[in-house]
There are 4 protein chains.
Amino acid sequence: MSATSSSDRILNAGVLGATGTVGQRFIVLLSQNPMFRVHSLGASERSAGRPYRQATKWKMSDLMPEEVRDVVVKSCDPAHFAGCDVIFSGLDASVAGDIEKAFMESDFAVFSNAKNYRMVPNVPLCVPVVNTDHYSLIAAQRAEYGLKKGFIVTNSNCSTSGLVVPLKALQDKFGPLKRVIVTTLQAISGAGYPGVASLDILDNIVPLISGEEPKMEAEVLKILGGVNDGATACAPLADLRVSATCNRVPVVDGHTECVSLEFAGTPPPIEEIKQCLREYTCEAQELGCYSAPKQVITVTEEEDRPQPRLDRNAGEGMSVTVGRIRECPVFHVKFTLLVHNTVLGAAGASILNAEYAAKKRLI
Amino acid sequence: MSATSSSDRILNAGVLGATGTVGQRFIVLLSQNPMFRVHSLGASERSAGRPYRQATKWKMSDLMPEEVRDVVVKSCDPAHFAGCDVIFSGLDASVAGDIEKAFMESDFAVFSNAKNYRMVPNVPLCVPVVNTDHYSLIAAQRAEYGLKKGFIVTNSNCSTSGLVVPLKALQDKFGPLKRVIVTTLQAISGAGYPGVASLDILDNIVPLISGEEPKMEAEVLKILGGVNDGATACAPLADLRVSATCNRVPVVDGHTECVSLEFAGTPPPIEEIKQCLREYTCEAQELGCYSAPKQVITVTEEEDRPQPRLDRNAGEGMSVTVGRIRECPVFHVKFTLLVHNTVLGAAGASILNAEYAAKKRLI
Amino acid sequence: MSATSSSDRILNAGVLGATGTVGQRFIVLLSQNPMFRVHSLGASERSAGRPYRQATKWKMSDLMPEEVRDVVVKSCDPAHFAGCDVIFSGLDASVAGDIEKAFMESDFAVFSNAKNYRMVPNVPLCVPVVNTDHYSLIAAQRAEYGLKKGFIVTNSNCSTSGLVVPLKALQDKFGPLKRVIVTTLQAISGAGYPGVASLDILDNIVPLISGEEPKMEAEVLKILGGVNDGATACAPLADLRVSATCNRVPVVDGHTECVSLEFAGTPPPIEEIKQCLREYTCEAQELGCYSAPKQVITVTEEEDRPQPRLDRNAGEGMSVTVGRIRECPVFHVKFTLLVHNTVLGAAGASILNAEYAAKKRLI
Amino acid sequence: MSATSSSDRILNAGVLGATGTVGQRFIVLLSQNPMFRVHSLGASERSAGRPYRQATKWKMSDLMPEEVRDVVVKSCDPAHFAGCDVIFSGLDASVAGDIEKAFMESDFAVFSNAKNYRMVPNVPLCVPVVNTDHYSLIAAQRAEYGLKKGFIVTNSNCSTSGLVVPLKALQDKFGPLKRVIVTTLQAISGAGYPGVASLDILDNIVPLISGEEPKMEAEVLKILGGVNDGATACAPLADLRVSATCNRVPVVDGHTECVSLEFAGTPPPIEEIKQCLREYTCEAQELGCYSAPKQVITVTEEEDRPQPRLDRNAGEGMSVTVGRIRECPVFHVKFTLLVHNTVLGAAGASILNAEYAAKKRLI
């Protein structure tokens, strides 16, 4: 790799939706990442023109990084982001559609946390420890829009991101899965700020997260599937059936998911499943991406783990913790997993997606 | 019904384990119940001899009833409970085995919340809105021990008590069930006092409740099953498979359960399922038992219900609330239910069991 | 008292701001109160014209009373409330000013929970277990506006309502107070719905409640003071200094307040203070008002009480619980009190204020 | 300073009470500290002989450091700790008295978090950013016991450690304080594990922490005072009066304290108070101690800060955050502070105390 390869450069990053909670998490993670420098911040017209420290109600437990405090926030117009090599979008779905498209058409590489383009056939919906092979779709995307450098890569819904990691490991090793039933216990940070009202969640559970279940059920099929022959569209799994039930619980960070699954073929012994999960690796690790966790899946042997407060920071929030792996009296195996919903489940996934793209010279 | 029928008398109740949280709930509920008078309180040797108000660290949000404040606590010896017509046991499983047996053999009618005798074939494991027909086992039990009046009836595990209610309604109406996968989000009060450490549950989930999953999986089969021909033993369902995953969540009272189920036969339309649940009634209602809820199952139409804080007191804690009834992409139907774990899930069930027994002149 | 006295009539009540959390509490309490019948419901134009059950996101743990489910919500115009004998206002301060004045000028008796008129000299700011003597201001108020029946009576801020109760008892018995320092730990329900964001309060404290401290510091002086000679204006205490610090804590209902106080004269022994608080009574009790608590102040002897979850329902939420009464190394005495912020601290106070007014034939 | 000065050496540390929550925090902090190597671990006889990972129910959100996982736990006998340069004690007060004395008499430098020796006149009770001048007592302590190297230095109660920091800054700059009233909102981690029962703190406040108030009231006087002329005993402040009220709140880490104070002399303007707090420095900073925070006191200007979840990690938990600095209507000034109770309030203080001692060649 030459000394001028993009993976050795420090890339200038623009963050859209910079004042929201996803944007704040992008900024915290980018400020600690040697590969990126926060260059430009975009938010609504209401925030534009103000220094970031004034435009933002900071809600992270890490302090606001010094280097962004005085950055003047811009409106989300591609013309204002000329110096940026990469765009991270933490925009709300209500505005992400038009804005992200405008950036892509202006030839920016856009890594989005929004749901708008996730299910578009030639847009990679990419959990970076699972399906970076979907990046082959970028050529088709560029061809469609006549772009040289621009594209959109999205990360998945936060609860999807946790689920697909062990499923991918198992599918790779033991063949296709047939049925998955998953019940989630999702943290409040997944709803942004102000998000969930405290009267709804103190001493309480909310048994619905609007739109979350169909998102999970569909995204899993796309992520675990491949791409078609010409790499012009994704090829979602056709034979896997997924049923998701999503609950909001009084936890700050970390989604817990209780999974029962059935293999299409003969199920392996529990010990082999554990070993398979422990040994799972991904291409982003092999390429030496900065944000790739040492251990993609952390398998716990303590019978009362994973727990959000104790395990959400495994692998700096980029590792999925899986525990209670045991036989299921109805299907083949059941287990409980934990994913940090704002790291691997959101901003961290976008950043690792961008690191991977840089390593592959797509940026 | 004659003026002297047991259901018209006020029955003297003894409460074992009276200083614990289950015992405290027994006392609160009995103090509001026109059919019972708290007569004697039993606890460990450490508490015996002290007035109840001193022996007890009261944890209920209802005030300690006046009439028990000065009752002197006794050790759990049947000889001390001579004036009692009925015994309620909130004893811990570590001591319940011997003590409850001693009371039963001394010809007391024992209604127990402990797990020790639940799976004994001739002991009714009875959720009083579901399977009071199992009371036919009492004759066999008395025969085995040569008793005139004594017997043991147990209520189920708290999470089981919520699950079996809609399952029974559906099974009665639409025929046998084939497979059930349930994930619970259980309140801390289910663990007693001191129970769950706050460091384990604030901003956290504990994905294990020791021993709970096999209990649920077995109890459901016994409760939904019948009794054998001679009414000498229960006849658990043989063809239903149940898989339970149990979590502890930071909620004070009220267990939430996410259920996916498959019928053995053709599934009915969702609307018929809702109607079936709404219309379900039980014998304890028909007999006019004081604690029987007006509505055994409260079906919610709001898509974000049931919620523990808002729905746990439905039917004074004796009604199970079922919501989010919808098709399951993997099985036939899924829904979320809520049960008040210390009322229908514990003390309330025992008390309604005793009311039913009195109505049936078994006490 | 004649059979036709207003206190024997059932009064028709209108509730303004009926869809908010204060309005919902009004409706729950009124539905259980034999003296009132909910007659008309007022809310914003957005809700007007819709049945209450559709216009409202119900957040109470009591079920929505049957009798209001189908009541069609009206806009807050006095012309729509013709059949009402009394108006309860749970309006937000941003609109309460104009609307409450319009009702008062239309000759309605208005009992308001809003802050807008609390500090007006001829408006009684009345905690009904403390200063019903301020009702003598109503004549002056009617004279000012040329009214026959109309007036406004406000209740106090929720945290004020707890503090003034023991202060009044002590002041009546032991003479003037000199200095009070109070730190509050206030429940989230005090902020309404959606109110406090869960990300702000889970595993967290918010050390500010905007505007709350000056309100407490001023309201205490008015409530503990008297009225002037002609009963044309209140006469706030001039010599008492109060310092309040207000915190929001992760508790659903019930404000805890830690109080240190200094008497102007020689302090009484701690035991006399306890006795004074226990023996305190008020005129609303003597008149037999339905909502007056049996015990205005519940004094706890357990050293770890009062606690919100265990004590907030004392006296159906109308009793203030005071505990940990002990010497203060800096002032004379310190203690911790608990008040149910949405009952005695809000809707319950307004309703008892109205009961008192009816008993005094002011309605 | 020579190349062999103790401050350049890596010191071997022994941790007593290693399996408890204070011990776990010691281990996490020491594993990140370049000055110490965890050498020996002591705990009760029940744990002795087992590898640390088996003897411990790990409750930290940081993973258990690799280097301690297989260390065999010893009983707390000085003979087993021969290779240690310094002993950190996280022992429970019920056993700390005898054990710490035994280690001190065996000529170990003991840094203790236990309360047992805090008030002994020749034992430094040292908050390392406040009163390292009390180390002059060590000579007297050694003389008393005929020791060469051994001594005991204690840190303060966790809530004391937060309070004394701004008080010290103000006292140094503006002269003696006269009166302080403080109300605390203390995190559950302060009570260890299992500590506070979840039923006591979910949706609740406990208005008592047994023994905490007198400890705070006494410790403040010792820490803010000096030592006598011969440096044979501490000389607590005689003229300051402190009144503390301590509450437990549902927060995991971080004690919030609401303080009102009166100066003995003329109070400075608020802006000067803020500046004084911002500019406060300590000797441990000047000596370049690794754990000394860059900013001893972090002054927040946002009116709704400090908040535990957002501010507890200021200065890696070693900085005290002070906000809401404003005039007090009763005393001179009031403010709210936040201290990380298990870092500056416990293990972190002991470690910085040891770093300071090493820099001063007392180890």
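The model is predicted, so local features need pLDDT of at least 70 and side-chain atom pairs count only at pLDDT 80 or more, while totals for chains, interfaces and linings use all residues. Residues are numbered from 1 along each chain as its sequence is written, and chains are lettered from A in the order in which they are written.

**The helix pair in chain C**
- Helix α6 (residues 158-174) of chain C packs against helix α9 (residues 270-279) of chain C at an angle of about 115°, with the axes 9 Å apart.
- That makes α6(C) roughly perpendicular to α9(C) (65 to 115 degrees counts as roughly perpendicular).
- On the α6(C) side, C:P166, C:A169, C:L170, C:K173 and C:F174 meet C:E272, C:I273, C:C276 and C:L277 of α9(C); contact means heavy atoms within 4.5 Å.
- By class, this contact of α6(C) with α9(C) has 7 nonpolar, no polar and 2 charged residues.

**D:T183, in a strand**
- You will find D:T183 in strand β7 (residues 177-186) of chain D.
- D:T183 is buried, at a relative accessible area of 5% (buried means under 20%, with a 1.4 Å probe and protein chains only).
- Not counting residues up to four places away in sequence, D:T183 touches C:T183, C:C258, D:T245, D:N247, D:T256, D:E257 and D:C258.

**D:E303, in a loop**
- D:E303 sits in the loop between β12 (297-299) and α11 (308-311) of chain D.
- D:E303 is exposed, with a relative accessible area of 54% (exposed means over 50%).
- Leaving aside residues up to four places away in sequence, D:E303 touches C:L208 and D:R324.

Note on methods
Side-chain values use heavy atoms; hydrogens and water are left out. Axes are lines fitted to C-alpha atoms, for helices over the stretch in contact, and angles run from 0 to 180 degrees between N-to-C directions. Helices (H or I, at least four residues) and strands (E, at least two) are DSSP runs, numbered from the N terminus. Angles under 35 degrees count as roughly parallel, over 145 as roughly antiparallel, 65 to 115 as roughly perpendicular and the rest as oblique. Ala, Val, Leu, Ile, Met, Phe, Trp, Tyr, Cys and Pro count as nonpolar, Asp, Glu, Lys and Arg as charged, and the others, Gly among them, as polar.
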